[in-house]
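Let's take a friendly walk through this protein model together. Have a look at it first, and then we will go through its parts.

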Amino acid sequence: GPVLLIKLAWGGKSLMKDFRPPSSGGEVGPFYTEMLSHVKEVLDNLKKEFPSYKDGYEIAGFGWHQGWNDGCEAAATNEYEVNLGNFIRDVRKELGVEKLPFVIADSGFGGKGQSNARRLAIRAAQAAPAKSKEFKGSVLCVETESFFRPAEESPSNQGYHWNGNAETYYLIGAGMGEAMKEL
């Protein structure tokens, strides 16, 4: 049957502030609210957008590839794991899917040679939910360090956004898709 992917992509955002989930306390992130609003708007208007659509749908999974900005400062890095767990729980509750499969693509920018402690801490925090008893069997983390291509193999050397390398983005998406099929 048909599959609908709802993609939202805002660069330069953090989980600590911009996507802050309600369960983390403090002010809920405006992009958390906007993300859920957009998803619900799309789902509420399927007939309008897709005239041949028949009633009924299943929310079958959620992909998350974010983390660069949280690796820029110690406070955001230190609370990333807790915020990510809260994010998963809150999104599941908001969308009404108790065991909604989540696939997280980690922030493997820099490849196998990455040595920045904050970047490595973000990756460990991104992998943690998939290893926890609570999320076992419903969350997977895709390690992306092997997908990184250095500047000399890429269109740019901007120091973020994977040097604009399309192969990298393809490999991340394919890895996330395979992980979602597994879940």
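## The sheet and its helix

Strands β2 and β3 run parallel, joined by four bridges. Two strands count as paired if DSSP finds at least two bridges between them. Strands here are DSSP runs of E with at least two residues, while helices are runs of H or I with at least four, all numbered from the N terminus.

The open sheet has three strands in the order β1-β2-β3, with parallel pairing. Strands β1 (62-64) and β3 (139-142) stand at the edges with a single partner strand each, so one side of each has no neighbour in the sheet. From one strand to the next, the twist averages 20 degrees. Helix α3 (residues 74-95) packs on the sheet and touches β1, β2 and β3; a contact means heavy atoms within 4.5 Å. The direction of α3 makes about 150 degrees with that of β2. Axes are lines fitted to C-alpha atoms, for helices over the stretch in contact, and angles run from 0 to 180 degrees between N-to-C directions.

## How the model is read

This is a predicted model, where local features need pLDDT of at least 70 and side-chain atom pairs count only at pLDDT 80 or more, while totals for chains, interfaces and linings use all residues. Residues are numbered from 1 along each chain as its sequence is written, and side-chain values use heavy atoms, leaving out hydrogens and water.

## Salt bridges

How many salt bridges are there? The count comes to eight, where a salt bridge is a side-chain nitrogen of Lys or Arg within 4 Å of a carboxyl oxygen of Asp or Glu. One of them links Arg89 and Glu134, with the closest N and O atoms 2.7 Å apart. Arg89 lies in helix α3 and Glu134 in the loop between α4 and β3, so this pair ties together parts 45 residues apart in sequence.

Lys112 and Glu145 also meet in a salt bridge, at 3.6 Å from N to O. Lys112 is exposed, with a relative accessible area of 65%. Buried means under 20% relative accessible area, exposed over 50%, and partly exposed in between (1.4 Å probe, protein chains only).

## A buried aspartate

Is Asp106 buried or exposed? Asp106 is buried, at 3% relative accessible area. Asp106 lies in the loop between β2 (102-105) and α4 (117-131). Among the residues touching Asp106 are His65, Arg123 and Trp162.

Terms used: Lists of a residue's contacts leave out its neighbours within four places in sequence.
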